[in-house]
Amino acid sequence: MRAVPAPKVWVTGLTVGAVAAVVVLAVQADKGTKPSVALTSRPSVSASPSPSARPEPAATAVPDASGTGRRIVYSLGEKRVWLVDASDAARRSFAVWPGTVDPAPGTYSVSLRRGEPRTGSDGVRIEHIVYFTAVNGVNVAFSNAVDGSSPPPAGGAQTGGIRMKTADGSALWTFGETGTKVVVVN
């Protein structure tokens, strides 16, 4: 039996390792997860994030009583929205600023969408408006202010706008097509 020269073993080992790494990354990408292995040539020098780095708050779990399947979940108590895919995994979660009129807990669906900017009932320019119900003649919808602000609701006004940051408004707009289920929980 003939021995394999050392350079061929080394190259074969590197090739097998590279293929394995590509397969792991491809599987993680298919599942929508980030790689858990950092591919760096040298270790990090700092042990903690810089003072200017602001970590995102940990996403809370999708509420248990929010049903199953692809849906938008809105928690009145937590003032939070989850965009949940068909496998019941939260793809995005973010804080919101509700208006003065709350929808009752229950299941609704996106009934109308308005993408172009317009003036909300509180006088603020809004976009990415996703309507899903009305309460006593007040439309309830998700939206974001065009300028990214979230002013407090006008004193005494009945507003059904559920505001969010601009990036979150864009994500909800993309996710919340007409007919998408919206589940409101306490």
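Colleague: What are the ground rules of the model?

Modeller: It is predicted: local features need pLDDT of at least 70, side-chain atom pairs count only at pLDDT 80 or more, and totals for chains, interfaces and linings use all residues. Residues are numbered from 1 along each chain as its sequence is written, and side-chain values use heavy atoms, with hydrogens and water left out.

Colleague: Why is Tyr-74 called buried?

Modeller: Buried means under 20% relative accessible area, exposed over 50%, and partly exposed in between, with a 1.4 Å probe and protein chains only. Tyr-74 has 0%, so Tyr-74 is buried. Phe-142 also counts as buried, at 0%. Phe-132 is buried at 4%.

Colleague: What makes a nonpolar core, and which residues touch the most other members of the largest one?

Modeller: A nonpolar core is a set of buried Ala, Val, Leu, Ile, Met, Phe, Trp, Tyr and Cys residues joined through side-chain atoms within 4.5 Å. The largest has 21 residues, and Ile-72, Val-81, Phe-142 and Leu-172 touch the most other members. Among the elements giving two or more residues are strand E1 (71-75), strand E8 (138-145) and helix H2 (166-175). H2 gives the most, with 4 residues. Helices (H or I, at least four residues) and strands (E, at least two) are DSSP runs, numbered from the N terminus.

Colleague: What is Phe-142 in contact with?

Modeller: Contact means heavy atoms within 4.5 Å. Leaving aside neighbours within four places in sequence, the partners of Phe-142 include Ile-72, Tyr-74, Val-81, Phe-132 and Leu-172.

Colleague: Why are Tyr-74 and Phe-142 called an edge-to-face pair?

Modeller: Rings of Phe, Tyr and Trp (its six-membered ring) pair if their centres lie within 6.5 Å; planes under 30 degrees apart count as stacked, over 60 as edge-to-face, the rest as tilted. Here the centres are 6.0 Å apart and the planes 85 degrees, so the pair is edge-to-face. Tyr-74 lies in strand E1 and Phe-142 in strand E8, so the pair ties together parts 68 residues apart in sequence.

Colleague: What about Tyr-108 and Phe-132?

Modeller: Their values are 5.7 Å and 65 degrees, so they are edge-to-face too. Tyr-74, Tyr-108, Phe-132 and Phe-142 form one aromatic cluster.

Colleague: How do you know that the charged end of Arg-113 sits over the ring of Trp-173?

Modeller: The rule asks for NZ of Lys or CZ of Arg within 6 Å of the ring centre and within 35 degrees of the ring normal. Arg-113 sits over the ring of Trp-173, 3.6 Å from its centre. Arg-70 sits over the ring of Phe-175, at 3.9 Å.
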